[in-house]
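Let's take a walk through this model, from its charged pairs to its overall build. Have the sequence and the coordinates open as you read.

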Amino acid sequence: MTACIVGWSHTPFGKHEGEDVESLIAKVATQAVADAGLEPQDIDEIVLGTYNEGFSPQGFPSSLVLQTSDAFRFKPATRVENACATGSAAIHQGLKTLEARRGRFVLVVGVEKMTALSGKLIGETLLKAAYLKEEGEIEGGFAGVFGQIANQYFQRHGDQSDALAAIAAKNHANGVANPYAQMRKDLGYDFCRTESEKNPYVAGPLKRTDCSLVSDGAAALVLSDVETALTLDKAVIFRAAEQVNDYLPLSRRDITLFEGCEVAWKQAHAAAGTKLDDLSFVETHDCFTIAELLEYEAMGLTPRGQGARAALEGWTRKDGRLPVNPSGGLKSKGHPIGATGVSMHVMASMQLTGQAGDMQLADPKLAGIFNMGGAAVANYVSILEPLR
């Protein structure tokens, strides 16, 4: 590959009252540049990832990044969107700039302000990432979509509520160590497994602990070409960066298989010359616990229909054979849509450079990232390693 991540920044995720998209961008844009040891004038291009679709009244946001420093003025800036994979889409835009040798440094910012809307409007806004002609009336919004996916999987492979609770409990336990996470509380398996007033059913077999959090936040990173990155203090190189899109309508595919995710992982390993066993850890898109379960199967960790084994036998815990979401994932960290993909790359880069603090794994060498838009519609896989 032709690019490295050479600097980053990240706000805490959560409910940021009094903040808007502009102020959240301001918290990360120049900080990421400084973290790379650069000045704003060194940046050649800016890419902003935000889903919006009604979350913010500001519909033309790309130049908001320029508000953070006069030195950004007259730099090319573009807004990118691809549902819940918006952050990774923005990164890919930056990678293409570097591959085309149109610049040496690209600033990528991912941001979302979700909590200003009512719960009903949040659900309606998120459902725009589904195929509205067929799925627009699903009760419960996007949670309802994944509730249907869980129901289909359960009908085929049996009740997997134990495994979903294990995934939720693992990610909440991991999130305790993440200073950027929205929920830093170890809820425990029993709480996640049991329906209660504090953990009611939300859609189908999915309880509240099976659903990621509505969140505000921003993350940013700086991309550079490899030759330049070698002169900087830290650098994480892309061994692979693959995108695969699948059909939007659920009716056109077997949604219990996440086939786009599977193809994206295969292409990434082929590009990187790696296999799953080579990875030290994975950050994967657990918007709902059933999604993480299906992603175990799609990445090849278990055969189809056996994802529960990975959760119940501890394979994906921090001390397991393949730690998954040592950051706490979306489940604990929160899921500000446009920021999520950038955040996942920042979390992986922190691990690979030994800067993950209390989250730190023991000497990780190779990271895998899976970020998806919609129900496995836009599928992005990155494989990262330290440059040196």
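## Salt bridges

E262, K266 and R304 are tied together in a network of salt bridges (a salt bridge being a side-chain nitrogen of Lys or Arg within 4 Å of a carboxyl oxygen of Asp or Glu). The structure holds 15 salt bridges. Before going further, keep in mind that this is a predicted model, where local features need pLDDT of at least 70, side-chain atom pairs count only at pLDDT 80 or more, and totals for chains, interfaces and linings use all residues. Residues are numbered from 1 along each chain as its sequence is written, and side-chain values use heavy atoms, with hydrogens and water left out.

Now for some individual pairs. D254 and R156 meet through their side chains in a salt bridge, at 2.8 Å from N to O. This one links distant parts of the chain: D254 sits in the loop between β8 and α9, while R156 belongs to helix α5 (residues 141–157), 98 residues away. Helices here are DSSP runs of H or I with at least four residues, strands are runs of E with at least two, and both are numbered from the N terminus. D254 has 26% relative accessibility, so it counts as partly exposed, and R156 is partly exposed too, with a relative accessible area of 47%. The cut-offs are under 20% relative accessible area for buried, over 50% for exposed, and partly exposed in between, using a 1.4 Å probe and protein chains only.

E19 pairs with K27, their closest N and O atoms being 3.2 Å apart; K27 counts as partly exposed because its relative accessibility is 38%. In the salt bridge between D319 and R317, the closest N and O atoms are 3.7 Å apart. D319 is exposed at 65% relative accessibility, whereas R317 is partly exposed at 44%.

You'll find R253 in the loop between β8 (236–245) and α9 (259–272). Leaving out residues up to four places away in sequence, R253 touches D246, Y247, L248, E259, A375, A376 and V377, where a contact means heavy atoms within 4.5 Å.

## Positive phi angles

Most residues other than glycine have a negative phi. F74 is not a glycine, yet it has a positive phi of about 75°. F74 lies in the loop between β2 (45–49) and β3 (77–80), and at 70% relative accessibility it counts as exposed.

N325 isn't a glycine either, and has a positive phi of about 60°. Its place is the loop between α11 (307–312) and α12 (329–333). Is N325 buried or exposed? N325 is buried, since its relative accessible area is 0%.

Helix α10 (residues 289–298) is mostly covered, with 10 of its 10 residues buried. Among them are the charged residues E292, E295 and E297, along with I290, L293, L294 and Y296. Just after α10, G300 takes a positive phi of about 90°.

G341 is part of helix α13 (residues 337–352) and is buried, with a relative accessible area of 0%. Setting aside neighbours within four places in sequence, G341 is in contact with G87, S88, I91 and N371. From G341 to T209 the distance is 21 Å, C-alpha to C-alpha, and 132 residues in sequence.

## The whole chain

Stepping back, the protein has 13 helices and 11 strands. Its C-alpha trace spans about 55 × 45 × 40 Å along the principal axes.

Buried residues make up 63% of the 388. Of the contacts with a separation of 6 or more, 77% are between residues 24 or more positions apart. The accessible surface, computed by the Shrake-Rupley method with a 1.4 Å probe and, for residues, only the protein chains shown as cover, comes to about 14,800 Å², and 46% of it belongs to carbon and sulfur atoms.

As for charge, there are 36 positive and 47 negative side chains, and the centres of the two sets lie 1 Å apart. Each charge is placed at NZ of Lys, CZ of Arg, CG of Asp or CD of Glu.
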